[in-house]
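Visitor: I have a protein structure to read, and I am new to this. Please show me how to go through it step by step.

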Amino acid sequence: MGTFLNNDDAIWLKHVNADPNTIALLHQLKAGTKLKIEIEGFRGDWARMADGKDGRPTLGLKPVGETWDFWKSMKRRRGERISFRIVDP
């Protein structure tokens, strides 16, 4: 279990607070890797963002598929710390 700052259309890894194993897992994901994350009881698909054109990693997760609708509904909670857990790495 961890938390992140809800401040954008993505979950930025620099704003994630979690145990060291979770942090390490998130940082080791390759671009495009999908995982299932539970937020507020909603289980949704997220993917590690594509690396930049210059090859540098973009250290964030973006919602995939139906998770976009859930994530849009979370805009009203911008600026809050939100609890999450990875349910399927």
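Visitor: What share of the contacts with a separation of 6 or more comes from residues 24 or more positions apart?

Guide: Contact means heavy atoms within 4.5 Å. In this protein, residues 24 or more positions apart account for 58% of the contacts with a separation of 6 or more. Note that this is a predicted model, in which local features need pLDDT of at least 70, side-chain atom pairs count only at pLDDT 80 or more, and totals for chains, interfaces and linings use all residues. Residues are numbered from 1 along each chain as its sequence is written, and side-chain values use heavy atoms, with hydrogens and water left out.

Visitor: How many helices and strands does the protein have?

Guide: Helices (H or I, at least four residues) and strands (E, at least two) are DSSP runs, numbered from the N terminus. Here there are two helices and seven strands. Along the sequence they follow the pattern β-β-β-α-β-β-β-α-β.

Visitor: Which strands pair with β4?

Guide: Two strands pair if DSSP finds at least two bridges between them. Strand β4 covers residues 34-39 and pairs with β5 in the antiparallel sense, over six bridges. L35 stands opposite W46 in β5. I37 stands opposite G44, also in β5. Two residues lie between the strands of this hairpin, and E40 takes a positive phi near 55° there. β4 also pairs with β7, again in the antiparallel sense, over four bridges. I39 faces F84 in β7.

Visitor: How many bridges join β5 to β6?

Guide: Three, and the two strands run antiparallel. Strand β6 covers residues 60-63. The bridge partner of R48 in β6 is L61.

Visitor: Is L61 buried or exposed?

Guide: Buried means under 20% relative accessible area, exposed over 50%, and partly exposed in between (1.4 Å probe, protein chains only). L61 has 1% relative accessibility, so it counts as buried. Leave out residues up to four places away in sequence, and L61 touches several others, including A10, L26, L35, W46 and R48. Across the protein, 33% of the 89 residues count as buried.

Visitor: Which residues touch the most other members of the largest nonpolar core?

Guide: A nonpolar core is a set of buried Ala, Val, Leu, Ile, Met, Phe, Trp, Tyr and Cys residues joined through side-chain atoms within 4.5 Å. The largest core here has 16 residues, and F4, I11, I39, L61 and W71 touch the most other members. The elements that give two or more residues to this core are β4, α2 and β7 (81-88). The largest share, three residues, comes from β4. Now take I11. Leaving out residues up to four places away in sequence, I11 touches F4, V16, I39, W46, L59, G60, L61 and W71.

Visitor: How many aromatic pairs are there?

Guide: A pair of aromatic rings is described by the distance of the centres and the angle of the planes. Rings of Phe, Tyr and Trp (its six-membered ring) pair if their centres lie within 6.5 Å; planes under 30 degrees apart count as stacked, over 60 as edge-to-face and the rest as tilted. By this rule there are four aromatic pairs. Start with F4 and W71: their ring centres are 5.8 Å apart and their planes are at 45°, so the pair is tilted. F4 lies in strand β1 (residues 2-5) and W71 in helix α2 (residues 67-73), so the pair ties together parts that are 67 residues apart in sequence. Both F4 and W71 are buried.

Visitor: What kind of pair do F42 and F70 form?

Guide: A stacked one, with 4.4 Å centre to centre and 10° between the planes. F42 is in strand β5 (residues 42-48) and F70 in helix α2, 28 residues apart. F42 has 28% relative accessibility, so it counts as partly exposed. F70 is buried, with a relative accessible area of 14%.

Visitor: Which residues do ring pairs link into a cluster?

Guide: F4, W46, W71 and F84.
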